[in-house]
Amino acid sequence: MSSDRVFFYTHSELLLAKSSNRFAGLLSSDSLNISTDPTQPNLVLITESSTVLNLVLHAFYVLQCTQFNPPAEDVLAAISALDKYGAPLSNMLAPYTPLLEVATLRLHDAPAEFYALAGKYDLYHLGARAS
């Protein structure tokens with residue numbers, strides 16, 4: 001559940017397969033409140049807003065997200081959140097990926113911020129587009 005109380009249903013196996021830190025430890029067996037009822041999902045509280053979490057999950061699932069027309073600040077926050085959740089940023093922001101596409105659409109709103117973020121995480125393709 002996002003910080004603004006929006007529920008997202010995901011596949012923990014997919015998130016764990018792509019995360020180097022068990023989704024910031026939120027999907028570790030110690031932190032999950034495992035339900036004894038298989039029809040009841042496990043609830044994980046996320047500190048990001050629903051708009052940012054939506055972008056994060058679309059990046060994990062490699063799904064198009066331009067239709068949401070997110071503001072630059074949400075795209076920037078999603079990239080930082082992906083790092084926090086152990087996502088391989090160089091893969092998720094590689095050429096022709098949905099996240100790089102949506103970031104490219106928002107570059108004109110915050111070019112310096114995108115360039116700085118690209119430098120921080122060594123994201124060549126994002127940095128080249130922001131320069």
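**Burial, helix lengths and salt bridges**

Me: Which are the buried residues of helix 2?

Reply: In this predicted model, the buried residues of helix 2 are Ser50, Val52, Leu53, Asn54, Leu55, Val56, Leu57, His58, Ala59 and Phe60. Buried means under 20% relative accessible area.

Me: How do you know that the length of helix 3 agrees with its number of residues?

Reply: Helix 3 covers residues 72-84, which makes 13 residues. The expected span is 1.5 Å times one less than the number of residues, so helix 3 should span 18 Å, and its end C-alpha atoms are 19 Å apart, which agrees. For helix 2, the reach from first C-alpha to last is 16 Å, close to the expected 16 Å.

Me: What do the buried residues of helix 3 pack against?

Reply: They pack against helix 2 (50-61), helix 4 (89-92), helix 5 (98-106), helix 6 (111-121) and helix 7 (124-130). The buried residues in question are Ala72, Asp74, Val75, Leu76, Ala78, Ile79, Ala81 and Leu82.

Me: What follows helix 2 and helix 3?

Reply: Val62 follows helix 2, with a positive phi near 55 degrees. Gly86 follows helix 3, and its phi is also positive, near 75 degrees.

Me: Why is the pairing of Glu48 with Lys84 called a salt bridge?

Reply: The cut-off is a side-chain nitrogen of Lys or Arg within 4 Å of a carboxyl oxygen of Asp or Glu. The closest N and O atoms of Glu48 and Lys84 are 3.0 Å apart, and the pair therefore qualifies. Glu48 lies in the loop between helix 1 and helix 2 and Lys84 in helix 3, so the pair ties together parts that are 36 residues apart in sequence.

Me: Is Glu48 buried or exposed?

Reply: Buried, because its relative accessibility of 12% is under the 20% limit.

Me: How many salt bridges does the structure hold?

Reply: It holds 2. Besides Glu48 with Lys84, Arg106 and Asp109 meet at 3.2 Å, N to O. Arg106 counts as buried at 14%, while Asp109, at 44%, counts as partly exposed.

Me: Why is Tyr9 called exposed?

Reply: Its relative accessible area is 65%, and exposed means over 50%, so Tyr9 qualifies. Tyr9 is in the segment before helix 1 (12-18). Leu43, at 48%, falls below that limit and therefore counts as partly exposed.

Me: Which residues form a nonpolar patch on the surface?

Reply: Phe7, Tyr9, Leu43 and Leu45 form it, with about 500 Å² of accessible area together. Within this group, Leu43 and Tyr9 are 34 residues apart in sequence, yet their C-alpha atoms are 9.3 Å apart. Leaving aside neighbours within four places in sequence, Leu43 is in contact with Met1 and Phe7.

Me: What does the side chain of Ser28 reach?

Reply: It reaches the backbone oxygen of Gly25 at 3.0 Å. Ser28 counts as buried at 17% relative accessibility, because the limit is 20%. Ser131, by contrast, is exposed at 69%, and a polar atom of its side chain lies 3.0 Å from the backbone oxygen of Ala128.

Key
Residues are numbered from 1 along each chain as its sequence is written. This is a predicted model: local features need pLDDT of at least 70, side-chain atom pairs count only at pLDDT 80 or more; totals for chains, interfaces and linings use all residues. Side-chain values use heavy atoms; hydrogens and water are left out. Helices (H or I, at least four residues) and strands (E, at least two) are DSSP runs, numbered from the N terminus. Buried means under 20% relative accessible area, exposed over 50%, partly exposed in between (1.4 Å probe, protein chains only). Contact means heavy atoms within 4.5 Å. Patches are made of residues with over 30% relative accessible area and no salt bridge: like charges are joined within 9 Å, nonpolar side chains (Val, Leu, Ile, Met, Phe, Trp, Tyr) within 5 Å. Accessible areas come from the Shrake-Rupley method with a 1.4 Å probe; for residues, only the protein chains shown count as cover. A polar contact is a pair of N or O atoms within 3.5 Å; within protein, one must be able to donate a hydrogen and the other to accept it, and residues adjacent in sequence count only if both atoms are side-chain atoms.
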